[in-house]
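User: I would like to learn how to read the salt bridges and the overall fold here. Please start with the terms.

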Amino acid sequence: MPHVLIIEDDEDLRPVLAGILRASGFSVTDVNEGVAGLQAAEAHPPDIVISDIVMEGMEGIAAIMALRKLMNDVPIIAISGSQRYLASSEKLGADAVLLKPFTRETILDAVNGLLARRTQPA
């Protein structure tokens, strides 16, 4: 069962996102900010990360850059309500970006697509 790390400070969105992924067969760790995300990634390495960009504490872009140093091959999906932040996150290490709000199908397609790409032989 693939393990997903969610880094999202929105107390309404985070449990919904975690629930969607769990109901689809994923193991999920969810945290509310970047430093906790890095700690969670070190404690239980994820197969994929979903990170918000604008958060209190360590911003999502800083978290993405730190995760890239920690585990370069793990796919990262950046999520934000602002297209401006998403463009920056792609340049700094995110493999995919999603503009909020997004649908259940959109997040599952992104997660499954990146995981499938990761498991394909080079």
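Analyst: A salt bridge is a side-chain nitrogen of Lys or Arg within 4 Å of a carboxyl oxygen of Asp or Glu. By this rule the count comes to six salt bridges. This is a predicted model, where local features need pLDDT of at least 70, side-chain atom pairs count only at pLDDT 80 or more, and totals for chains, interfaces and linings use all residues. Residues are numbered from 1 along each chain as its sequence is written, and side-chain values use heavy atoms, with hydrogens and water left out.

User: What percentage of the 122 residues is buried?

Analyst: Buried means under 20% relative accessible area, exposed over 50%, and partly exposed in between (1.4 Å probe, protein chains only). In the protein chain, buried residues make up 46% of the 122.

User: Among contacts between residues at least 6 apart in sequence, what share joins residues at least 24 apart?

Analyst: A contact means heavy atoms within 4.5 Å. Of the contacts between residues at least 6 apart, 62% join residues at least 24 apart.

User: Back to the salt bridges. Which side chain meets Glu8?

Analyst: Glu8 pairs with Lys100 in a salt bridge, at 3.0 Å from N to O. The pair links distant parts of the chain, 92 residues apart. Glu8 sits in the loop between strand 1 (3–7) and helix 1 (13–23), and Lys100 in the loop between strand 5 (96–99) and helix 5 (104–119). Glu8 is buried, with a relative accessible area of 0%. Lys100 is partly exposed, at 21%.

User: What joins Lys100 and Pro101?

Analyst: First, the general idea. Most peptide bonds are trans. Here a cis peptide bond joins Lys100 and Pro101, with omega about -5°. Pro101 lies in the loop between strand 5 and helix 5.

User: Which residue does Arg14 meet in a salt bridge?

Analyst: The side chain of Arg14 meets that of Asp30, at 3.2 Å from N to O. Arg14 is in helix 1 and Asp30 in strand 2 (residues 27–31), 16 residues apart. Arg14 is buried, with a relative accessible area of 10%. Asp30 is partly exposed, at 29%.

User: And where are Asp95 and Arg68?

Analyst: Asp95 is in the loop between helix 4 (83–91) and strand 5, whereas Arg68 is in helix 3 (residues 60–70), 27 residues apart. Their side chains form a salt bridge, at 2.6 Å from N to O. Asp95 counts as partly exposed at 35% relative accessibility. Arg68 counts as buried at 14%.

How values were computed: Helices (H or I, at least four residues) and strands (E, at least two) are DSSP runs, numbered from the N terminus.
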